[in-house]
Amino acid sequence: MYALLLALSSLAVAAVPGGDAAAAPAPPPAAVAEPATPPPAGPVEQATAAPAAPSDEEPHGYVVEKIVLRGLQKARSAAVRRHLRVRAGDVLDDREVLLSRLRLLQLGWFSQVEARVERGSARGLVVLVFEVVERNTIIVTDLVLGTTDPQPLYGGLGLAEQNFLGRGFALGGAFVYGGAPLGRPADPDRFALRGSFFAPDLPIRGLGRLVAGAGAWALRGEELACARPGCDPFAEDFSRAPRVRYRRTGGELTLGLRTSAFDRVLASWRADRVSAVAVGASSLPDFAPPPIHFGDSWASALVVSWEHDSRNDFFLPRDGLRLAAQVTFASRLLGSDYEFSRYLLQGESAFALLGLPLRLQLQVGAVQGDAPFFDRFYAADLSYFAVGPALGRALELNFSTDSRYDAFAAMGGLEWAVPLRIHGRFLQRAYLAIGARAVWSSAWLGGGRTAFSSFPLSADLALRFDTPIGAFNASLGYALDNLL
Amino acid sequence: MTPARPPGRLALAATLAALCAAPAARAEAGPIPVALARRDGHVVAAVDLTAVLPGELPSRLGNGLRNVVALYVAVVPIGGEEPTAAFVRVFDVLFDVWEETWTVTVRDPRTPGGRRHVLRSVDALRALLARVDEADLGPAGSLPPSRFTVDVRIDVNPISPELLAATREYLAGAAGGRGASRSVLGAVAGFLLREPEEREQSLVFRSRPLSPDAVPPR
């Protein structure tokens with residue numbers, strides 16, 4: 001993992017533009033028209049003009065005879081036209097053409113979109129042409145490489161096609177592989193596989209704009225079942241530690257409604273077939289398995305979510321808010337062997353402090369009832385690093401010795417971003433993230449617990465890169481997590 | 001495509017704010033010819049961009065849609081980044097695909113309502129864009145005491161954050177999904193919710209270093 005880190009770092013250095021830039025007049029950012037900055041004090045008092053937003057200038061008077069899309073390779077014409085704000089038969093409106101062009105750029109399917117007008121078949125008619133250059137839409141969603149005491153090496157990869165079939169659908173898949181546990185070569189390999197399909201915007205006549213999705217997963221994993229998080233009595237040989245071996249196979253169907261440009265409400269049904277057995281020293285008095293039904297069981301749940309995301313950029317947001325609320329309800333009514341409910345609130349606001357982007361992150365979650373461990377909260381997932389044996393999971397596989405899953409978890413964090421001057425073809429943008437988080441969790445509602453760690457605060461210094469194949473996070477906090 | 005509004009009192013404020021707020025850019029070519037003069041206590045500049053204006057710029061403006069070209073002329077002290085005086089002229093350019101004419105409205109502090117030109121060739125458009133005479137850079141006292149350059153920046157179709165916000169939508173995949181993993185190289189989910197990648201729309205040109213006593217009275 002350090003080799004990859006180094007490789008990215010050197011690429012970053014190579015991509016830093018050189019040259020003397022200091023003395024040139026600073027151009028405004030690409031998206032500036034009406035500066036909001038207050039007037040600086042200066043000796044000049046004359047009135048000058050600033051370019052402004054469009055526009056109520058006199059119209060051309062031309063009618064759009066047809067709209068032509070050039071340069072499409074994978075994207076379907078109908079999927080692209082759906083996002084245009086101009087139709088054949090409209091009077092040519094520059095502002096609507098510009099907004100259409102921006103909209104296409106924001107879809108992320110194209111690296112370039114140009115609009116122009118050509119003569120139509122008769123005087124007064126024009127052909128509106130959009131010329132596009134498609135961009136890569138396959139991105140890396142997960143890149144996992146880790147090590148723990150009981151698992152010297154594990155890794156995985158996730159990929160997603162963000163414009164599947166050229167219709168704006170998302171198709172993704174990921175895996176993590178850990179092999180057989182250390183010292184137990186005859187045991188089954190541990191792995192997690194996950195696949196998903198998502199249609200974020202399906203216009204259905206009479207119903208509005210819908211959201212639909214489906215996912216499936218298969219996991220084979222183990223949770224060490226020691227009374228102490230570090231499994232200290234077995235530190236010399238973790239192969240003798242008690243454990244719970246489990247398999248999960250499941251799927252999820254989602255249907256939702258886009259209630260506004262930035263909001264959607266989703267309803268999902270999720271079913272998990274679970275098989276769990278106790279292995280090793282299960283008869284020992286300190287056998288402490290995480291919550292699970294031994295033998296075969298079903299976890300079946302309805303999940304209702306509301307999401308709002310108005311951030312102006314997923315990579316380096318300077319404005320906007322992301323909010324999510326989710327309720328999970330599992331019951332025998334749905335064929336579940338587990339009776340529980342789960343509540344989750346997440347929030348992230350993006351704004352600027354001293355001119356630099358600052359993110360405030362909050363999360364609080366609670367579980368009531370007989371929830372399996374994988375529907376509870378693993379505190380290390382919420383922190384940058386954990387002082388202690390816990391380590392954030394990979395596709396829900398836990399390779400640490402700590403199998404404490406909690407009924408309540410809360411996290412608050414701040415992350416400050418310092419943009420780096422990188423504008424390469426591969427490393428398109430980058431910033432240095434400086435973050436701090438506090439995590440509180442408890443094993444049962446209203447109760448205390450053994451501390452998630454002796455030090456529930458964590459911090460991070462990370463380099464984040466935006467590339468054509470996804471955004472990457474080179475995190476010192478994670479590296480530290482492997483050492484602590 | 002983004003026509004300018006008539007100049008207002010925001011004036012230099014907007015210009016200087018735009019000039020100061022953004023990251024520095026590199027000059028596009030060698031020194032441009034600039035002539036400074038003093039008139040009625042003000043410094044006026046004449047700038048000729050004929051030799052440096054990109055050849056494809058006028059034809060880029062012939063897309064049949066309304067285009068805005070904002071041209072800034074600024075006095076920048078050597079070693080400093082912030083201009084001490086500035087002038088801005090905005091061209092509103094519209095090529096009529098049927099008439100094959102260029103209608104250009106030029107707005108600057110002297111003609112805030114705009115001067116309208118109807119041009120019949122790219123060469124005429126190029127000539128109009130390339131010459132700036134009588135650019136009022138403000139009171140002579142505003143010139144920096146030390147050496148400075150006269151810098152010219154051209155923005156083509158600048159886009160406001162408000163416009164970007166008007167077209168933004170939340171179209172990402174399933175958020176908050178289960179099984180997200182954390183790793184030293186973990187990808188951050190999300191793709192569609194992003195600022196568009198725009199081609200570089202700014203050009204910067206610079207004069208040779210000048211000194212305040214090189215500004216003759218006219």
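A residue counts as buried if 20 or more other C-beta atoms lie within 10 Å of its own, as exposed if 12 or fewer do, and as partly exposed in between, with C-beta atoms placed from the backbone. By that rule, buried residues make up 43% of the 484 residues in chain A.

This is a predicted model: local features need pLDDT of at least 70, side-chain atom pairs count only at pLDDT 80 or more, and totals for chains, interfaces and linings use all residues. Residues are numbered from 1 along each chain as its sequence is written, while chains are lettered from A and ligands numbered from 1 in the order in which they are written.

## Confidence and make-up of chain A

pLDDT is the predictor's confidence in each residue, from 0 to 100. Chain A averages a pLDDT of 83, and 85% of its residues score at least 70. Residues 1-56 of chain A stay under 50. For that stretch the model has 170 contacts beyond four places in sequence. Two residues are in contact if their C-beta atoms, placed from the backbone, lie within 7 Å.

Chain A holds 4 helices and 18 strands. Both kinds of element are DSSP runs numbered from the N terminus: helices are H or I with at least four residues, strands are E with at least two. Among the elements of chain A, helix α1 (residues 2-15) has the lowest mean pLDDT, 29. Strand β1 (residues 63-70) of chain A has the highest, 97. Of the contacts in chain A with a separation of 6 or more, 60% are between residues 24 or more positions apart.

Two strands pair if DSSP finds at least two bridges between them.

| Strand pair (chain A) | Sense | Bridges |
|---|---|---|
| β10 (263-279) and β11 (295-309) | antiparallel | 14 bridges |
| β11 and β12 | antiparallel | 9 bridges |
| β12 (320-330) and β13 (340-353) | antiparallel | 11 bridges |
| β13 and β14 (356-369) | antiparallel | 14 bridges |

A:R270 is bridged to A:A301 in β11(A). A:L302 has A:F329 in β12(A) as its bridge partner. A:V327 stands opposite A:Y343 in β13(A). A:Q346 stands opposite A:Q363 in β14(A).

## A mixed sheet and its helix

An open sheet of 3 strands in chain A has the order β1-β3-β2, with mixed pairing. β1 and β2 (110-119) of chain A stand at the edges with a single partner strand each, so one side of each is left without a neighbour in the sheet. Neighbouring strands of this sheet are turned by 20° against each other on average, direction ignored. β1(A) runs parallel to strand β3 (residues 125-134) of chain A, with 7 bridges joining them.

Helix α3 (residues 94-107) of chain A lies across β2 and β3 of chain A, at about 155° to β2(A). Axes are lines fitted to C-alpha atoms, for helices over the stretch in contact, and angles run from 0 to 180 degrees between N-to-C directions. Is α3(A) mostly covered or mostly exposed? It is mostly covered: 13 of its 14 residues are buried. From its first C-alpha to its last, α3(A) reaches 20 Å, close to the 20 Å expected at 1.5 Å a residue. The expected span is 1.5 Å times one less than the number of residues. Just after α3(A), A:G108 takes a positive phi of about 85°.

## Nonpolar cores

A nonpolar core is a set of buried Ala, Val, Leu, Ile, Met, Phe, Trp, Tyr and Cys residues joined through C-beta atoms within 7 Å. The largest has 51 residues, of which A:V176, A:A379, A:L397 and A:A409 touch the most other members. Elements giving two or more residues to this core include β6 (169-179), β8 (208-224), β10 and β15 (408-420) of chain A. Beyond its neighbours within four places in sequence, A:L397 is in contact with residues including A:V176, A:R190, A:A192 and A:L219.

## The chain B sheet

In chain B, 3 strands form an open antiparallel sheet in the order β1-β2-β7. Its edge strands are β1 (34-39) and β7 (131-139) of chain B, each pairing on one side only. The twist averages 25° from one strand to the next. Strand β2 (residues 42-48) of chain B is joined to β7(B) by 5 bridges. B:V47 stands opposite B:V132 in β7(B).
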